[in-house]
Amino acid sequence: MSRSKGVGLAAFDRSRITSAQFASHGSNLRSTNAQALETQLSVFRSLLQQFAQTHAKDIRSNPTFRAQFARMCAAIGVDPLASSNSSSSTSIWAQLLGRSVNDFYFELAVKVVEVCSDTRGENGGLIEVRKVREGIMRNRMEGASEITEDDILRAVATLKPLGSAYSVIKVGSKPYIRSVPKELNTDQSAVLEAVQVLGYVSVSMLMVNLKWQRARAQTALEDLVGEGMLWVDKQSVGEWEYWSPGFMLEGQDVGGGILPG
Amino acid sequence: MTSPTSDSSATTAVPGQFQFPREYFFPPFFTRQTNLTTHHAQLVKWSSLVLSYCAHHRIYKLSISSSGIYSSNSSTLPQQSDLDPDSQPNPNSQNSNKLELFHNPKINRQLSLSDIREVIDFLRKDNRAEYIYKSEQPPNGLVDSSYNHPAGGGDVVWIFWRTPEEWASMIEKWVDETGQKGSVLTLYELTYGEATRGTEFHGLDPELLQKALATLVKRGKAQIFGQEDSKGVKFF
């Protein structure tokens, strides 16, 4: 039975040499690998950068394009808005795009905050994303680029690191931005969802449609009025109506149409 | 003193339709909100509506009574009737126009008298309104259905969409720019004269003009002299 490993002192040398060879080969492999990766990464980086720079204008001005770009980044595992590691405070987008896209969302976030705090008194800190968009678009100058609800949602996400109370919640099928740290209970959510249909609800409407007891409907409505999320109209025919502040509609033509009696 | 009827058409005519804000078509806007924060937001919106509405129609005074809200613009010189509570609720009076401001017929909603008073008080805190004549408060605040009480107590209130100080500085600037410092101008020609045509204070309510000039006098920037009917002012 022959043994590959010799006996005697030379065997120690040989094994040392072998392991050294393995080690050097390993590090060779590693460095080639790393080099290849680095090359790939830098190629990718420069391509992405090139892409972003060529299309920076489109990214800023074309909402569909911007959404696609954001989706592409997400698909390849780059979170464009997240800060890269602790050492540098700039995000990948900031590095790649010379801040322009990044700033786009930060600027938008500032506007979102403005709209939310301007309207907090009238809506209790809960506002439909669509309304935020309308509010921002209204204040923009003529010819400013279009923004979408998707952009607004991304912008709200940029506020997270600030530990702010801003978050996106769903009421029914519609996204809302909540700018006060307040949880809605299920009854309240149900009422807000019902309000979306006509702009208002009444106690009996809730009783009929949600099969609630009067007291339950009354409580849910009064809670929401207490939160400032609904306005009460006592001049309606019959019982009081509770309106969503989101239904302050533009224009005079709409005014007559939405009223029931 | 002559009444400037020939001028009034140019200055007090309604210049186009007033664009009401969206909340004017929101039914609960006409109900006092119970939530404090909401109510405050409501008052802020009402105040800015009142100011922009009055500015648009160049209304300087509102007369508020249980029989309705009227603008009591005196495009003529001050009339005693403006201070006379009995003549206020008369819809046939030339200077009184019933206002759609607090009443939106399209959605059949109106702000109650006590709520209107609250808006006025809110404006007063901001120095944007001032009572000229204040009637006794009605025994209870719930008077908005009392349309048939012509003798209802009426308040007359200044609505300062520009404060007297703001008018004053506007006039002062004009006097300065036209090099009329040191010369004497009559109050009439300040607001109804050819020279001020095109300025913002052309057609300004005469009483308000005096209030504005009084702030200049207080600062030693002007001096008023003359009799009741023919007052003049000299700017320094």
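Trainee: In what order do the three strands of the open sheet in chain A come?
Mentor: Keep in mind that this is a predicted model. The order is β1-β3-β2 in chain A, with antiparallel pairing.
Trainee: And which strands stand at the edges?
Mentor: Those are β1 (126-128) and β2 (167-171) of chain A; each has a single partner strand, so one side of each has no neighbour in the sheet. On average, neighbouring strands here are turned by 40° against each other, direction ignored.
Trainee: How many bridges join β1(A) and β3 of chain A?
Mentor: Three, in the antiparallel sense, and β3 covers residues 174-178. Within that strand, Ile177(A) is the residue opposite Ile127(A).
Trainee: Which helix lies across these strands?
Mentor: That's α8 of chain A, residues 186-198, which lies across β1, β2 and β3 and runs at about 70° to β2(A).
Trainee: New topic! How many disulfides are there over all chains?
Mentor: The count is zero.
Trainee: What about Cys116(A) and Cys54(B), buried or exposed?
Mentor: Cys116(A) is buried, at 1% relative accessible area, and Cys54(B) is buried too, at 0%.
Trainee: Now the two chains. How many residues does the contact take from each?
Mentor: Chain A gives 28 residues and chain B gives 25. The area buried between them is about 2,300 Å², and carbon and sulfur atoms give 57% of that.
Trainee: How many salt bridges are found across that interface?
Mentor: Three, between chain A and chain B. As for a salt bridge you can look up, the side chains of Glu122(A) and Lys45(B) meet at 2.8 Å, N to O.

Methods: Residues numbered from 1 in each chain as written. Chains lettered and ligands numbered in written order. Predicted model: local features only at pLDDT ≥ 70, side-chain atom pairs only at ≥ 80, totals over all residues. Heavy atoms only, no water. Pairing = 2+ DSSP bridges. Helix = DSSP H or I, 4+ residues; strand = E, 2+ residues; numbered from the N terminus. Axes fitted to C-alpha atoms, helices over the stretch in contact; angles between N-to-C directions. Contact = heavy atoms within 4.5 Å. Disulfide = S-S within 2.5 Å. Buried < 20%, exposed > 50% of the residue type's maximum accessible area, 1.4 Å probe, protein only. Buried area = accessible area lost by both parts, 1.4 Å probe. Salt bridge = Lys/Arg side-chain N within 4 Å of Asp/Glu carboxyl O.
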